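Me: I have a structure open here and have not looked at it before. Can you walk me through it?

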Number of protein chains: 4
Amino acid sequence: MGSSSGQKPRRLEDLVDKLASGSLSHSRLEKELGNANEAALVRRLYLERLTGASLSSVASTILDFQELYGRNIENPIGAVQVPVGIAGPLRINGDYARGDFYIPLATTEGALVASVNRGAKAITLSGGARAKVIKDGMTRAPLLWTPSVYEAHRLAMWVEDRIEDLRSVVAGVTRHGRLQHIYPYIIGNLVWLRLSFSTGDAMGMNMVTISSDRICRYIEENYDGDAKCIALSGNMCTDKKPAAINKILGRGKYVVAEAIIKGEVVKNVLKTTPQNINLVNVTKNLLGSAAAGSHSFNAHFANIIAAIFIATGQDAAQVVESSMGYTWTEVRGEDLYISVTLPSLEVGTVGGGTRLPTQRELLALLGVAGGGDPPGSNALKLAEIIASAVLAGELNLLSAIAAGQLARAHELLGRGGLKIS
Amino acid sequence: MGSSSGQKPRRLEDLVDKLASGSLSHSRLEKELGNANEAALVRRLYLERLTGASLSSVASTILDFQELYGRNIENPIGAVQVPVGIAGPLRINGDYARGDFYIPLATTEGALVASVNRGAKAITLSGGARAKVIKDGMTRAPLLWTPSVYEAHRLAMWVEDRIEDLRSVVAGVTRHGRLQHIYPYIIGNLVWLRLSFSTGDAMGMNMVTISSDRICRYIEENYDGDAKCIALSGNMCTDKKPAAINKILGRGKYVVAEAIIKGEVVKNVLKTTPQNINLVNVTKNLLGSAAAGSHSFNAHFANIIAAIFIATGQDAAQVVESSMGYTWTEVRGEDLYISVTLPSLEVGTVGGGTRLPTQRELLALLGVAGGGDPPGSNALKLAEIIASAVLAGELNLLSAIAAGQLARAHELLGRGGLKIS
Amino acid sequence: MGSSSGQKPRRLEDLVDKLASGSLSHSRLEKELGNANEAALVRRLYLERLTGASLSSVASTILDFQELYGRNIENPIGAVQVPVGIAGPLRINGDYARGDFYIPLATTEGALVASVNRGAKAITLSGGARAKVIKDGMTRAPLLWTPSVYEAHRLAMWVEDRIEDLRSVVAGVTRHGRLQHIYPYIIGNLVWLRLSFSTGDAMGMNMVTISSDRICRYIEENYDGDAKCIALSGNMCTDKKPAAINKILGRGKYVVAEAIIKGEVVKNVLKTTPQNINLVNVTKNLLGSAAAGSHSFNAHFANIIAAIFIATGQDAAQVVESSMGYTWTEVRGEDLYISVTLPSLEVGTVGGGTRLPTQRELLALLGVAGGGDPPGSNALKLAEIIASAVLAGELNLLSAIAAGQLARAHELLGRGGLKIS
Amino acid sequence: MGSSSGQKPRRLEDLVDKLASGSLSHSRLEKELGNANEAALVRRLYLERLTGASLSSVASTILDFQELYGRNIENPIGAVQVPVGIAGPLRINGDYARGDFYIPLATTEGALVASVNRGAKAITLSGGARAKVIKDGMTRAPLLWTPSVYEAHRLAMWVEDRIEDLRSVVAGVTRHGRLQHIYPYIIGNLVWLRLSFSTGDAMGMNMVTISSDRICRYIEENYDGDAKCIALSGNMCTDKKPAAINKILGRGKYVVAEAIIKGEVVKNVLKTTPQNINLVNVTKNLLGSAAAGSHSFNAHFANIIAAIFIATGQDAAQVVESSMGYTWTEVRGEDLYISVTLPSLEVGTVGGGTRLPTQRELLALLGVAGGGDPPGSNALKLAEIIASAVLAGELNLLSAIAAGQLARAHELLGRGGLKIS
């Protein structure tokens, strides 16, 4: 019947009327009804009446808004359903991820799962991917105003001298986060303090933001000079924007995955040659990205990152910087060396969307649901898995390009190669 | 009971055994069973047995994989459910979007919907947002090899001279796409052809990729010199990577939304002043992003873009470049002028994930489900709506920062302002 | 005796006293004396007295400030002398530069001339460099304010519609410059108009700036909407700053030089192999620059550009963007293909410092002093020569790195190449 | 008479003949003659005969090539003379530079000296500029190859553990340089080691490069794993290319200069208002550079840097990164706060071109010729002076734009400001 609800009790209809007349606002509906699921129903009824659109599919959800309201969502009306496919098995030899994994990918783009799947096959047939987290720290960079460069410099030194005090401030706020180090940055009279924290199994933006706020307050209260926090985030963090600083200093997990693909696998599974894959990587991923003025030197990290992020309850907006990185290839004898480097992969296995039912199941599928033992190990394992899946996706796309396009151009740069004519 | 299926008929168990033994691959399961929904069930059973994880929530989906298989997903196992909240009403005075809209946001990050909601309130109370699409064209940039710069230059000129022929080639492939123009780029002996297409109501990557392939073939077959396509995408497109070229030349919709927020609304709803919002925008969004080496000069475009993209079936990996852009503010007398500029917003209302049930309902909620009349108008309308929602989110976050942080620093730069002491 | 002048007539001493007492300012000295060379002398006397420093070497100049004052310099005190060495012969097969050239390099950095010289030898022994100018246009981007995106867009369209009128405006200002095209760029309510001009044999910033001013005035006077020019240069030009827009759209001359270096020359002259040079180019120039967040993918274009710019009277501050660009190498059978691409090389043979005596002689050495026949051909020839010299310098440095460092690592990625151990 | 020499003894003519016939190469001429000044003469004679160009002005030099040959130049033919003007007095209150300075600017671009001069006047009338060096360290980043990310990571840790050993290695090479710290950067199996050194009064590239070479050798000899240096400079240094890493981490001197310009000075000297200067800075320098995809957020740092670099014997190619930086303005009551931040200003007062006669005199004019007491203090003083001169140039250009353009647009954003119409 195209409507999102069967029976509509009088009480709910009254509320719809009130929403329509403006005498009740959406943000007060939960309080009015005392039940977030009913509130979602009323909103749907209102929207259906207003727009003529049916919301019956959106209504068909297992989500319990009593639990999610105010933690994960406001003004809920239901859920969107994103199909999930699996790629694998993908063999990973990491410091934390060890074994064969099936990678859950939530996507609506046909061929993406198949792409990662074929890459995983080639990697696994070649003995698997290695993966390693090089750095681990979540950052926030509040921005402080001072009257002059002298004050700016004095403030920066003052803060660096008091790092132990600031660690104590942070310890009073969170059990899981620890202030690692501070990178001060000065432009004229302004100071950014790029604060880096370990955050255990959480991605950690919330604890990091709260900790940063406390640090700012501590500074304003204790610094004997003139300094005011004018933005808790001053964009040198850098959250949800592409930025060189994240590439250079790292954010979240700085992780590398690599594999040596056997020559016969390149030939039989990927239908091309190490030379051609290498040529595509250098011309497209390095030179092409250089020409485009891009921060990101890869083919499609973002496809795999986005699909896993949605599947596992990560913050989808962080695909922006989590997908920055480099693909690097070398022809090694008959084989192909390939690596992917992701300097700012921001992931967690607790908090945010990770506690939602479908997302949590898909984390469990990877063996990383909830907090790890020791703490932090689940998030590190997830980072290794994601990097390995990105490796699979990247290997496959480069191969497809090399096979499809280069097939017609065989012998292009070969022994009797072409000359300027 | 923690398992994704109640009864497990013998036949399905047999298939699970075959998957486990390796005698059957996941990618052949649909063909084997003749039913994609059953294949998803078998996969779940297999994965549950293998990992011990339950997939019952993932199994609880309205999705019909018979319909989606091969178009939107491979190796399906079910769906992930992402909560959807609404922000609004948001009044928009666009060329296509006109009226009051409720914005569906699929997110697991608490406070995001509330943030956009408050921004929408401030905008609507001030008379609404204006929105305008400045440019519209989807791009793909194949990469061709020639032996020398002479050949590279000759090829570029040859291609530009034959644009009408190439338009005919494209016309033979797609009804909806039209080749607009070609921007050739030369590095040494290599040539990128950045091809730009109008794509109607589709985001258009598929038709653009197919058309580009035909163009490459046409060139290889007809060009009288030496030219080989070595990558159908040479990264100057630029798809799913942040890139200056997209900012400078545009990709998808180049769209602006703006509003003048009345002084009293800034005060009563946003709890701050135009001056303070402006100060945060200049120091954080402009100078902070500059210092970070970022391509993106805003606070959190990506949050809103990601949430709407997931809700409405857009390609979530394109959040990367779709969220690039500028926030600009001016103090105008008592009021605040604010605009957001998104040079490469890639959206569509047909194709991809837009046909899935929940996603299509949420497009319908915005009045943009399916093809528009005239063709292309729905995608343009959606672009205006998204830009306006981004405006709301940006206005609110800047205000929150200004109020929270600057409250303590009132009179900071005021009349009797501070001096270098 | 360490003083810059032998006899100091009373009149000059009086002026020194006046400068010292503040009753005369430096900027009025020329008018007071009626002779710029005497003014330079008085300034030197004053500065020598004030600081105790001798300026006798600075005084030893052939420059006639009567001629230069107000055109090339203000408040002159003499000249700095920069040693000039020559590299060559360098064989060039360009569209304009044809033959063997000796490249004048003004530098104080030991080994630079030798570096270009060895590169030139390798190129010349291999048959010479090819060079080609792909694009030619100098730009200026005034910034206009309008009240809204609607006005911004209307203004942009209005301007594009009136390009013929604007060409007439420009024709009234300059004989040598012609308005080629306009690229409007909109952020919110602001409009940049990136105006591109052909400028004949001049680098052209002056004529372009004056023309842009007239265009802005024309717009302000004739546009029926609300638009104000708030900056004659809005930094999208982009002059004297590194910028992706110059790489992508070009500025000044977009020029490529290339050569195929014979295998035996690589071995005997450059003491390395094509493979090793290629490896250094890919890892250092492409991947290293990518990691550094650089716009420039080369080893040391700037060294050669700066030395030729100073020698030939170019604007030394434009080394910044003129030195942006790409080095690209390919192993072709036994030989090495190498190219350099400089998208924004800003040069001229008339105007600015090109008329000074030493600079003009060094332009004459290259056969490009003054205006070309046809007009513009001298500047194009100079661009080809500079690109070819850059090619020589780049080839040599890459070879030196490859030989010095890679010598110890021979067989690094060779046949029996290394594996992950 | 148009020839560079009066009498041409037979012996010299013979050598010219030999050069012409190819039986003698230019690079052996000094050895053949035993006198570098005569060699320069022979080269000129040869070139004059070959090209018909006169080199008499180039010949008119005080430079003694006997002294410069092999240290500053090869294949010398004479000198180029660049006019020098002075701007000032500029009052500076730095940590090292204290007092009133006359800034020597070597340039051929009319109006540049006048521009800095007017800016200096406004600053000095307002009490002078403050200047401060925030960081000081010259960098080189060799690139090492290892077989895998495991080896790459192990190497990076090994190197960091042995920093004291590496400091000893450096101490054996140079008295003036000290290894400060090491920043390792990993992409896949590759490792860049960004080595930072203090370099006293020298700019330091030579000692830093030699030290880096020794460090690479030490690693290759002592590291127990598999690591090869494939490029002594891996472009993450970053030398003579614009790069975000230099902005973010600093290179050479990270220096700030600032001033508060009194309202009356803005009005009477600069002919505009603090508000208009601020508007130009925000729209042009911040938003315009953002739109251009630039690393540099200023108006014309490069003009001043290039002119002082040439005047004082700095490495002119380093204008590229030395001129990167930010201009920041604030309206403070009636006054204007303005600062310039230069994160990678590379300067020295010993070595390179600083020992040449004219260059050394101009260093002496600033009181910074040769080594400082204590060592390093002259280079720091020079950095403060340059930053202050850049401040003057920037202040003046912004004012000129604000006055010229904004004069016509007064009241633009004023009280009764414009609305979207």
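**Salt bridges, strands and an interface**

Reply: To begin with one pair, a salt bridge joins the side chains of R49(C) and D17(C), at 3.0 Å from N to O. This is a predicted model.

Me: Where do R49(C) and D17(C) lie?

Reply: R49(C) is in helix α3 (residues 36-51) of chain C and D17(C) is in helix α1 (residues 10-21) of chain C, so the pair ties together parts that are 32 residues apart in sequence.

Me: Is R49(C) buried or partly exposed? And what about D17(C)?

Reply: R49(C) counts as partly exposed, at 45% relative accessibility. D17(C) is also partly exposed, with a relative accessible area of 34%.

Me: How many salt bridges are there over all chains?

Reply: The count comes to 69 salt bridges. One of them is in chain B, where the side chains of R43(B) and E30(B) meet at 2.7 Å, N to O. R43(B) sits in helix α3 (residues 36-51) of chain B and E30(B) in helix α2 (residues 29-33) of chain B, 13 residues apart.

Me: Are R43(B) and E30(B) buried or exposed?

Reply: R43(B) is buried, at 0% relative accessibility. E30(B) is buried too, with a relative accessible area of 8%.

Me: Back to chain C. What does K253(C) pair with?

Reply: The side chain of K253(C) forms a salt bridge with that of D136(C), at 2.9 Å from N to O. K253(C) belongs to strand β8 (residues 252-261) of chain C and D136(C) to strand β3 (residues 129-140) of chain C, so the pair ties together parts that are 117 residues apart in sequence. K253(C) is buried, with a relative accessible area of 2%, while D136(C) is partly exposed at 28%.

Me: Which residues of chain C are joined into one network?

Reply: D239(C), K240(C), R251(C), D315(C), E321(C) and E346(C) are joined by salt bridges that share partners.

Me: New topic. How many residues of chain A are in contact with chain B?

Reply: 124 residues of chain A are in contact with 124 residues of chain B. The two chains bury about 9700 Å² between them, with 62% of it on carbon and sulfur atoms. V80(A), Q81(A) and E361(A) supply 8% of the area that chain A buries against chain B, more than any other three residues.

Me: How many salt bridges cross that interface of chain A and chain B?

Reply: The rule finds zero salt bridges there. For polar contacts, the rule finds 58 residue pairs across the interface of chain A and chain B.

Me: Which strand of chain A gives the most to that side?

Reply: Strand β1 (residues 76-94) of chain A does, with 11 residues. The residues on the side of chain A that touches chain B divide into 67 nonpolar, 40 polar and 17 charged.

Me: How many bridges join β1(A) to strand β1 of chain B?

Reply: Nine bridges join β1(A) to strand β1 (residues 76-94) of chain B, and the strands run antiparallel. V80(A) stands opposite V82(B) in β1(B).

Me: Now chain A by itself. How many helices and strands are there?

Reply: Chain A has 16 helices and 10 strands. Of its 421 residues, 70% count as buried. The C-alpha atoms of chain A fill a box of roughly 80 × 70 × 50 Å along the principal axes.

Me: How many residues of strand β10 of chain A are buried?

Reply: In strand β10 (residues 335-345) of chain A, 11 of 11 residues are buried. β10(A) pairs in the antiparallel sense with strand β8 (residues 252-261) of chain A over eight bridges, and I260(A) has Y337(A) as its bridge partner in β10(A). Strand β9 (residues 326-332) of chain A also pairs with β10(A) in the antiparallel sense, over seven bridges.

Me: What is in the turn between β9(A) and β10(A)?

Reply: β9(A) and β10(A) form a hairpin with two residues between them, and G333(A) in the turn has a positive phi of about 60°.

Technical notes:
Residues numbered from 1 in each chain as written. Chains lettered and ligands numbered in written order. Heavy atoms only, no water. Contact = heavy atoms within 4.5 Å. Buried area = accessible area lost by both parts, 1.4 Å probe. Salt bridge = Lys/Arg side-chain N within 4 Å of Asp/Glu carboxyl O. Polar contact = N/O pair within 3.5 Å; in protein donor to acceptor, adjacent residues only side chain to side chain. Helix = DSSP H or I, 4+ residues; strand = E, 2+ residues; numbered from the N terminus. Nonpolar A, V, L, I, M, F, W, Y, C, P; charged D, E, K, R; others polar. Pairing = 2+ DSSP bridges. Buried < 20%, exposed > 50% of the residue type's maximum accessible area, 1.4 Å probe, protein only.
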